[in-house]
Amino acid sequence: MPNIVACFKWVIDEAYIRKSASGALDFSAVDYKISDYDRNAIEEAARLKGLHGGSVTVLTAGAPETAKGVKDALSRGADQAFFANDASFNQLESSQTAAILGEIIRSRIPYDLIICGEGSSDQYAQQVGPRLAENLGIPCISYVQKLTIGEDGRIMVERRVEEGVEVVEAPLPVLVTVSPEINTPRIPGVKDTLMASKKPVVTIKKEEMQAVGAARLQTIGMTATRMERNCEIFAATPEGIARFVEALQKKGVIS
Amino acid sequence: MDFKLTEEQELIRKNMREFADKYVEPIAVEIDENSRHPAEVFKKLAEGDWMGIPIPTEYGGAGSDYLTHILAIEELSRSCASTGFTVSIHVGIACMLVLLNGTEEQKQQYLLPMAKGEKLGAFVLTEPGAGTDVMAATTTAVLDGDSYVLNGTKTFTSNGPTGDVYMVFAWTDKAAGRKGMSCFIIPKGTAGMTAGTHFRKMGLRSSQTSEMVFKDCRVPKANLLGKEGAGLVMAMAGFDHGRVGIAAQCIGIIQAALDESIRYSKERVQFGNPISKNQAISWMIADMATELSAARFLTYHAAWLKDQKQNFSKEAAMAKLFASEAAMRHTIKAVQIHGGYGYCKGAKVERLMRDAKITEIYEGTSEAQRMVISGNVLR
């Protein structure tokens with residue numbers, strides 16, 4: 001019966017970000033959510049528990065507001081949560097997140113399988129999963145779209161790769177990063193949310209851990225993409241179509 | 001003062017938003033067009049414990065509070081006011097009537113499956129000649145041995161054609177006046193009770209409404225809800241709960257009208273600019289947002305009072321009155337903002353405007369709410 005750890009990030013829900021006329025991003029009225037693919041990670045952990053038994057632990061590092069995210073994650077089929085909580089943890093860079101999660105898992109959570117989303121919906125650096133595996137010294141299988149645990153304690157997965165699907169097998173313990181095709185995350189019911197508040201949460205303060213190293217990347221700025229539109233109408237005649245093709249070529253849309 | 005929802009309430013609201021976006025919004029046009037009861041959606045609502053949020057877990061509910069139920073109705077109604085209403089009358093009136101007045105046996109037998117969402121509740125009071133004037137009702141229940149025999153015709157029964165458990169009001173002693181009406185729990189399939197065909201309505205079309213005919217309908221004494229003669233008092237308390245639900249339905253309608261109006265007015269270009277740049281339009285949107293907030297606070301306050309076990313009769317009437325009239329005002333404005341496009345089928349605001357009208361009529365007309373409120377403040 002596998003002990004499964006699902007990692008998640010509590011991120012700004014991009015639907016609430018507004019764009020000012022200058023292109024600057026306005027975060028004044030945002031709401032937060034569990035990062036999209038991390039919901040797939042938690043769902044996969046809960047699904048596997050349904051099949052094989054064992055336990056599901058959800059794990060995150062974040063600012064105190066992330067407590068709501070911890071409840072959200074617990075309402076999705078997890079048994080318990082570990083929460084590295086510090087006001088400075090809302091701006092972690094991938095290497096720092098991986099170091100924090102690694103330290104907590106190594107010292108506090110027995111595991112056979114660790115599941116992460118392939119990337120976060122805010123920055124999508126796709127770094128935390130592989131770095132965490134490296135930190136723990138276990139194999140990492142990324143972009144997993146199908147996962148089964150065999151009776152021999154090995155996992156078989158299908159990976160989405162550029163031009164096809166790669167089938168990989170590995171002994172546990174292992175870390176996988178999952179892509180959205182792997183499952184459809186549940187919408188928690190009312191009782192699931194109410195029960196989540198009664199599940200155990202271990203909160204770990206910054207002082208209880210090794211000092212977090214300096215960020216290896218610095219975000220200098222963030223602006224909205226600018227989309228230019230212009231409208232040109234072509235007649236549905238042989239000449240019009242020829243001009244249309246020519247216009248697309250000129251813009252580099254087709255070659 | 002604390003205007004903050006709990007983390008659970010915020011998450012539950014968010015989950016209902018996602019549920020409505022995924023399962024309700026995509027079919028809202030079709031179920032309106034075809035006046036269809038979306039049984040598949042109600043099955044999913046039952047699975048997520050949405051059909052009995054404020055009912056204790058021992059009676060099949062989720063064991064949460066009334067405000068949480070109100071948040072769910074609001075979010076559901078934002079996608080489809082009919083679906084929101086069906087849940088509202090089921091929980092707010094049918095389930096609450098049994099929870100507040102039923103015996104332990106009645107709660108186990110009828111409330112439990114209703115709160116689990118396995119059975120749908122209906123409230124059967126209005127008659128062809130008795131709307132706001134409840135005393136003009138003519139349906140009777142005569143005691144005969146161990147059972148009551150009901151005769152009469154009811155109308156505008158919501159969940160009439162689709163209901164499983166009916167809360168039926170009838171005179172057991174007409175001469176006793178306000179203390180002469182009683183309430184009976186009657187399960188579907190009881191001989192002598194028939195539901196008519198679904199009315200074709202202007203709006204709220206997927207909510208199923210019909211006549212209910214009682215012809216020598218024999219109901220065991222055990223199905224009397226509360227005491228004989230206590231029917232009207234129970235009905236009024238049921239309305240208090242139901243009205244907060246209608247107010248929540250209205251908030252959902254106004255929120256949808258506002259969302260659509262903001263989106264459209266920013267996209268629609270006239271005279272070289274998005275129409276949102278015109279003061280005439282932006283002020284309509286400002287009024288809409290303001291009255292939406294006012295309606296929301298009145299409604300949440302009424303639900304909060306209920307959760308605090310305080311009297312909320314007046315506040316429920318105020319919330320329902322203000323929210324329903326605001327819903328009508330602002331859905332008309334939303335159609336105006338959309339111009340000709342808003343007058344066509346398929347535009348969400350067209351459906352919202354039709355759906356809004358009934359909220360000023362059912363579960364007590366605006367006039368009836370003013371009677372309740374003035375009766376309270378002129379005491």
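Which domains does the domain assignment of chain B give? Select chain B and colour it in three parts: domain 1 (7-120), domain 2 (122-231) and domain 3 (232-377). Keep in mind, as you look around, that this is a predicted model.

**Stop one: domains 1 and 3**

Taken over C-alpha atoms, their centres are 20 Å apart. Where they meet, 24 residues of domain 1 of chain B are in contact with 24 residues of domain 3 of chain B.

Next, select the helices α2 (28-33), α4 (66-79) and α5 (81-101) of chain B. Each of them supplies at least two residues of the side of domain 1 that touches domain 3. Which helix gives the largest share of that side? Click on α5(B): it provides 12 residues, the largest share. Now try colouring this side of domain 1 by residue type, and you will find 13 nonpolar, 6 polar and 5 charged residues.

**Stop two: B:F123**

Bring the whole chain back and select B:F123, which sits in strand β1 (residues 121-124) of chain B. Is B:F123 buried or exposed? B:F123 counts as buried because 27 C-beta neighbours lie inside 10 Å, and the cut-off for buried is 20 or more.

Now show what surrounds B:F123. Leaving out residues up to four places away in sequence, B:F123 touches B:I89, B:I93, B:A94, B:S158, B:M167 and B:G238. Finally, draw a distance from B:F123 to B:H90: these two are 33 residues apart along the chain, and their C-alpha atoms are separated by 8.1 Å.

Note on methods. Residues are numbered from 1 along each chain as its sequence is written. Chains are lettered from A and ligands numbered from 1 in the order in which they are written. This is a predicted model: local features need pLDDT of at least 70, side-chain atom pairs count only at pLDDT 80 or more; totals for chains, interfaces and linings use all residues. Domain bounds come from an automatic or database domain assignment. Two residues are in contact if their C-beta atoms, placed from the backbone, lie within 7 Å. Helices (H or I, at least four residues) and strands (E, at least two) are DSSP runs, numbered from the N terminus. Ala, Val, Leu, Ile, Met, Phe, Trp, Tyr, Cys and Pro count as nonpolar, Asp, Glu, Lys and Arg as charged, and the others, Gly among them, as polar. A residue is buried if 20 or more other C-beta atoms lie within 10 Å of its own, exposed if 12 or fewer, and partly exposed in between; C-beta atoms are placed from the backbone.
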